[in-house]
Amino acid sequence: MKRVYVIDDETIVQSSMELLLRLSGYEVRVFETGDAFMTAFNPGEPGCVLLDLRLPGSDGLNVLSRLRGCGSPVVLLSGHMDPALGIEALRAGAFDVIAKPYDPDHLLQVVQSALEQLAKGERFQIGRA
Amino acid sequence: MRAAREIAKEECAREPIHRPGSIQPHGGLLVVDPRTDRVIGQAGDWRELLGLKSDPLGTKVAKVLGKSLSGLLRGHDLSAASEALFVETIQHRLFSEKRFDVLAHRSGSYVLLDVEPALEDRQSAALLFTRIREAADRMRASDSLETLFEAAAAEVRSFTAFDRVLVYQFLSDDSGKVVGEARSSAFTTLLGHRFPGGDIPAQARALYVRNVIRVIPDAIYVPAQISGVSSELDLSDSSLRSVSPIHLEYLANMGVRASMSVSLLKDGALWGLIACHSQQPLLVPYETREACKYIAAELMSQLRRLQSEEESRLHQRLGSAVERWLDELGSNQVTADVARNLPLLKTCFGAEAICLRLRDDMFADQDPGSMVDAGRLFEALERNAEKITTNLRLEDLDPEASWRGDLDASVCAIAGDDVSLALLRFRAPEVVSWAGNPDEPVEVDEETGRLGPRRSFEVWSRTQRGIARPWLEAERECVKRVVGAIERLSRQERISALQADLIHVSRVSAMGALASTLAHELNQPLTAISNFGRGVRLLIDNDPAGNSEEAKRYLDQMSSAALRAGQIVKNLRGMITKRPVTAGAVPVARAIHDALSLALPDARVRGIDVDLILPDARLTAAGDPVQIEQVLTNLIRNGCDAMEGQSIRKLTIEVAEVSVEAIEIRVSDTGYGLSENVQSELFKPFQTTKSDGMGLGLSICRTIIERHGGQIWLERTGGAGTEFRFSLPKFGS
């Protein structure tokens, strides 16, 4: 269970995250928009969802709410993390929030613990308050 | 002794010279009550003068002069006359060749008739007019003051036969200077000599203004006393009025037997005198006196002409020098330019010291010997009630102050709110040839204690503080012009500095509003760099001997991400740094690109379509790149904000070359449009439709564009969106 979904609209971020995660031993699937991800996502193939907050079309919070109850942990990333926005994301059921730029070790740690919890069979109750 | 002299001077000034109670004996005076036509007062030897057998006192006027008062006046209105009028010529009872002129004037309720010897070989009026005309023509030919004064003296001499005629000018210290002369060998020259102010007491000067001509046909005379009326009778306008014994003594001391003086009036004030001296008794009859008055009037009119010509030449010369000086002042460092060019301005005005206050800054340039404290000078000037001061003596401005040092000068100053300027001309030492000791205008007889005029007219050369060249009206006008121009320029400079501050502040606040967007833009490449760094490290760790091509590719991407981050920082820094405005070539395409990268880096995320219509990518505008980007940033942000929530979001930026010298940039959106009341107030400060805006955006844009010599306007607005346009001069046009 080493699957990671990356959703970011910028090529350079996509390719760099793909590189980092792939070489760290994950299976990486990249999407440019939240809508593209939602279309392609199969809840039967759970993984850690790394979701950028700011996206064309449906934004990160919107995608997060649509993933409610799907069982995959969602980590929100943002280039300008407003504390209020972070709290809102956590309340909406995000596994964690990470501000860009981040220490790659920290990202890998969060991804690892998200996937560990997923492996323990904990279902994420998205929307718990 | 000094005290005695002071008392003597005061006594001299108190003498009631217009009420002497007597007349000079060469004529006779009748005081007539016009209601009764009777003589109620008289003075003179009537038996000797007219051959009368009895005292005229109490008789009808006709009994003395052959005609009643109304017959003599023949309708002349004495109350309207400014001086005595000639009314009649009469004969001696026995000797018909002895003729007398009768002059009439009012004194209180009386009519005073002066009866005085008439000109023996009386000419026709026509010939007299011709002679006066010729005299005036000769004076008009003068092209300098010196020749004019000399000509006037010569004309008076030819009409009167005085031995010496002087044109005498009063200087600002009340002393008189002989500026023109015509004389026979009987007298020595007095040209250039200075007579002390005390030689002519104050009340005599006042009388000189009232009646402009006075004659003493023979200084050695026994006055004829007035009888019948009070000796207090006012004789101001009588040609026969007896003069002060002190004056007669003064004339005698000078070797003068007969004298005449004609007042020279300029703008109603006593400018000087034409003073005439004869060694022998000399009658000056009525028409000769009138001719001399014409010459005096002509002299003053020619003086005014020459002075105004001189002044307009000076005005022109000084005016263009001042213009040239003002041209040297730049518009953005007026204070420094003015301070640097102060010595030149001082030279322009022929001053020895110049002091300038520009708000709180004080500058001075002074010739050696001048140690004026500019600050104290301006303090004194500001205490002075007059805002504009000309020909003020420094010692009168602040008599006590020690800051003047030993200096005395004539000041021309303008004290304003922002700018005060003072120019000083020194009263340099000069050698003056006094006609006698200037400190002894009167003498007190040691034995009798009696007051007497000085006896010595020996030349008394003395080096003393001179009179500064006076400040002329034209010079004052130029000083005003300079102050006005400096005030204007310094205000412009301040406005310009404030505008630059405001433009900068608005730029910083605009960048503040964009901070979160820009932080995101900056964090994206930084995130990528960090990811790539660790990724490449993993690549090497996993397979140290592996193919390095992949690693190289990622490293290249890292570099370009770093460059992208650097570019954003650079643009941002350009916008928030306060720096001098530059004027140069601004590539329009580049400016638009940079503005978009700052104002709308997130176009895609916000779903805004950006359409750039640029017919010629090489177009360059003239101006400051940062300020032009600031305007673009502002318009782009306004457009994007107006499209929030609209279904179609399209921002169009179009560049058009509208003429050989101008570029137009058009920014249009598909937003909700502006309401009518917003439109009219659009470019005024502090107007905003946004809840978080300060409302300075468009007013700042207008300030910037107008400073660039362009215009900004709202082209259209409404349901289909809004379009703003602005023009800029093309670079090099």
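Keep in mind that the model is predicted.

**Where the chains meet**

Let's start with the interface. Chain B puts 27 residues in contact with 26 residues of chain A. About 2,400 Å² is buried between the two chains, and carbon and sulfur atoms account for 54% of that area. On the polar side, the rule picks out six salt bridges across the interface of chain B and chain A, along with 16 residue pairs in polar contact, both partners at pLDDT 80 or more.

Which elements of chain B give two or more residues to the side that touches chain A? They are helix H14 (515-542) and helix H15 (549-576). H14(B) gives the most, with 18 residues. Sorted by class, the residues on this side of chain B come out as ten nonpolar, eleven polar and six charged.

**Salt bridges between the chains**

Side chains of opposite charge can pair when their charged atoms come close. One such pair is Glu550(B) with Arg22(A), a salt bridge whose closest N and O atoms are 3.3 Å apart. Another salt bridge links the side chains of Glu32(A) and Arg604(B), at 3.4 Å from N to O. Here loops do the work: Glu32(A) lies between strand E2 (27-31) and helix H2 (34-40) of chain A, and Arg604(B) lies between helix H16 (588-599) and strand E24 (609-613) of chain B, so the pair joins two chains. Over all chains, the count of salt bridges comes to 54.

**Two helix pairs in chain B**

Two packed helices are described by the angle between their axes and the distance between the axes. In chain B, H9(B) takes part in both of the pairs below.

Take H6(B) (residues 145-160) and H9(B) to begin with. Their axes are 10 Å apart and the helices pack at an angle of about 175 degrees, which means that H6(B) is roughly antiparallel to H9(B). From the H6(B) side, the contact includes Leu148(B), Phe149(B), Val156(B) and Phe159(B), and these residues and their neighbours in the contact meet a set in H9(B) that includes Ile295(B), Leu299(B), Leu303(B) and Leu306(B). The contact holds twelve nonpolar, three polar and one charged residue.

Now for H9(B) (residues 286-327) with H10(B) (residues 334-348). Their axes come within 10 Å and cross at roughly 170 degrees, so H9(B) is roughly antiparallel to H10(B). H9(B) brings Leu318(B), Ala321(B) and Trp325(B) to this contact, while the H10(B) residues include Val338(B), Asn341(B), Leu345(B) and Cys348(B). By class there are eight nonpolar residues, one polar and no charged ones.

Most residues other than glycine have a negative phi, and most peptide bonds are trans. Here are some spots that go the other way:

| Site | Backbone feature |
|---|---|
| Lys100(A) to Pro101(A) | cis peptide bond, omega near -10 degrees |
| Arg74(B) | positive phi of about 45 degrees |
| Asp267(B) | positive phi of about 50 degrees |

And where do they sit? Pro101(A) is in the loop between strand E5 (96-99) and helix H5 (104-119) of chain A. Arg74(B) falls in the loop between helix H4 (69-73) and strand E4 (85-91) of chain B. As for Asp267(B), its place is in the loop between strand E12 (258-266) and strand E13 (269-278) of chain B.

Note on methods:
Residues numbered from 1 in each chain as written. Chains lettered and ligands numbered in written order. Predicted model: local features only at pLDDT ≥ 70, side-chain atom pairs only at ≥ 80, totals over all residues. Heavy atoms only, no water. Contact = heavy atoms within 4.5 Å. Buried area = accessible area lost by both parts, 1.4 Å probe. Salt bridge = Lys/Arg side-chain N within 4 Å of Asp/Glu carboxyl O. Polar contact = N/O pair within 3.5 Å; in protein donor to acceptor, adjacent residues only side chain to side chain. Helix = DSSP H or I, 4+ residues; strand = E, 2+ residues; numbered from the N terminus. Nonpolar A, V, L, I, M, F, W, Y, C, P; charged D, E, K, R; others polar. Axes fitted to C-alpha atoms, helices over the stretch in contact; angles between N-to-C directions. Parallel < 35°, antiparallel > 145°, perpendicular 65-115°, else oblique.
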